[in-house]
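Subject: Structure for your files

Hello,

Here is the structure I promised to hand over. My notes on it follow below.

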Amino acid sequence: MKHLRMAAALALLAALSAGSAHSKEVGKVGVDWLGNDIVIEAITDPDISGITCHVTYFDRGIIDRLQKGNWFEDPSNNAMSCNQTGPIEIGDIDLGKGGEEVFQQRQSLIWKSVVVKRIYDKENDTLIYLSHSRQVQDGSAKMAISTVPLYGQNVTWKNGKPE
């Protein structure tokens, strides 16, 4: 009984901390009678104003969880689209090829999450947003990509545009 209470407490903690301070649920579409939904979140980049990414993910309902017996995990399939939604102002961003994480959504209690990373393509003056699944082991090839071209846009670089 103590283990069940501990598991329930951990599940509640994960659910409460699953979102990001920079995301907001803007849509939810029911896909079947089991209570499974596709959730759409608007994500704002913490270091770049004027860009919004919309990310979708699958949220399993309680009936589906009961049937399959996997209580603490959602599929890591996702889609993403990023666009300019206002004046673009770029703060202090990582310019390395690995980019930097701007959002994380847990898809299991401990082991799996969907991550959005931002990478700046200096040669093409474009911001790349990559959404992928991160797992402790058995990495996944499930991913989505969206780009926001900066060429010809009125972009303000707080620290000066990289040369």
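R118 and D45 are both buried, where buried means under 20% relative accessible area, exposed means over 50%, and partly exposed lies in between (1.4 Å probe, protein chains only). Please note that this is a predicted model: local features need pLDDT of at least 70, side-chain atom pairs count only at pLDDT 80 or more, and totals for chains, interfaces and linings use all residues. Residues are numbered from 1 along each chain as its sequence is written, and side-chain values use heavy atoms, with hydrogens and water left out.

R118 and D45 form a salt bridge, with 2.6 Å between the closest N and O atoms. The term stands for a side-chain nitrogen of Lys or Arg within 4 Å of a carboxyl oxygen of Asp or Glu. This pair links distant parts of the chain, 73 residues apart: R118 is in strand β6, and D45 is in the loop between β2 (37–44) and β3. Helices (H or I, at least four residues) and strands (E, at least two) are DSSP runs, numbered from the N terminus.

R118 also meets D47 in a salt bridge, at 3.5 Å from N to O. D47 lies in the loop between β2 and β3 and R118 in strand β6, so this pair ties together parts that are 71 residues apart in sequence. D47 is partly exposed, at 28% relative accessible area, whereas R118 counts as buried because its relative accessibility is 0%.

A further partner of R118 is E100, with the closest N and O atoms 2.8 Å apart in the salt bridge. E100 lies in strand β5 and R118 in strand β6, so the pair ties together parts 18 residues apart in sequence. E100 is buried, as is R118. Through shared partners, the salt bridges join D45, D47, E100 and R118 into one network. The salt-bridge count comes to 6.

**Chain and strands**

The protein chain has 2 helices and 9 strands, in the order α-β-β-β-α-β-β-β-β-β-β from the N terminus. It has 163 residues, and 37% of them are buried. Of the contacts (heavy atoms within 4.5 Å) with a separation of 6 or more, 49% are between residues 24 or more positions apart.

Two strands pair if DSSP finds at least two bridges between them. β3 and β4 pair in the antiparallel sense over 9 bridges, and H54 stands opposite S81 in β4. β4 and β9 pair in the parallel sense over 3 bridges; E89 has T156 in β9 as its bridge partner.

**Core and surface**

A nonpolar core is a set of buried Ala, Val, Leu, Ile, Met, Phe, Trp, Tyr and Cys residues joined through side-chain atoms within 4.5 Å. The largest one has 21 residues, of which I48, M80, I90, V116, L127, Y129 and L150 touch the most other members. At least two residues of this core come from each of β3 (48–59), β4 (78–90), β5 (100–106), β6 (112–121), β7 (126–135), β8 (143–149) and β9 (155–157).

The chain exposes about 9,800 Å², with 56% supplied by carbon and sulfur atoms; accessible areas come from the Shrake-Rupley method with a 1.4 Å probe, and for residues only the protein chains shown count as cover. V29, V31 and I38 make a nonpolar surface patch of about 210 Å². Patches are made of residues with over 30% relative accessible area and no salt bridge, with like charges joined within 9 Å and nonpolar side chains (Val, Leu, Ile, Met, Phe, Trp, Tyr) within 5 Å. V29 is in strand β1 (residues 23–30) and is partly exposed, with a relative accessible area of 46%.

Regards
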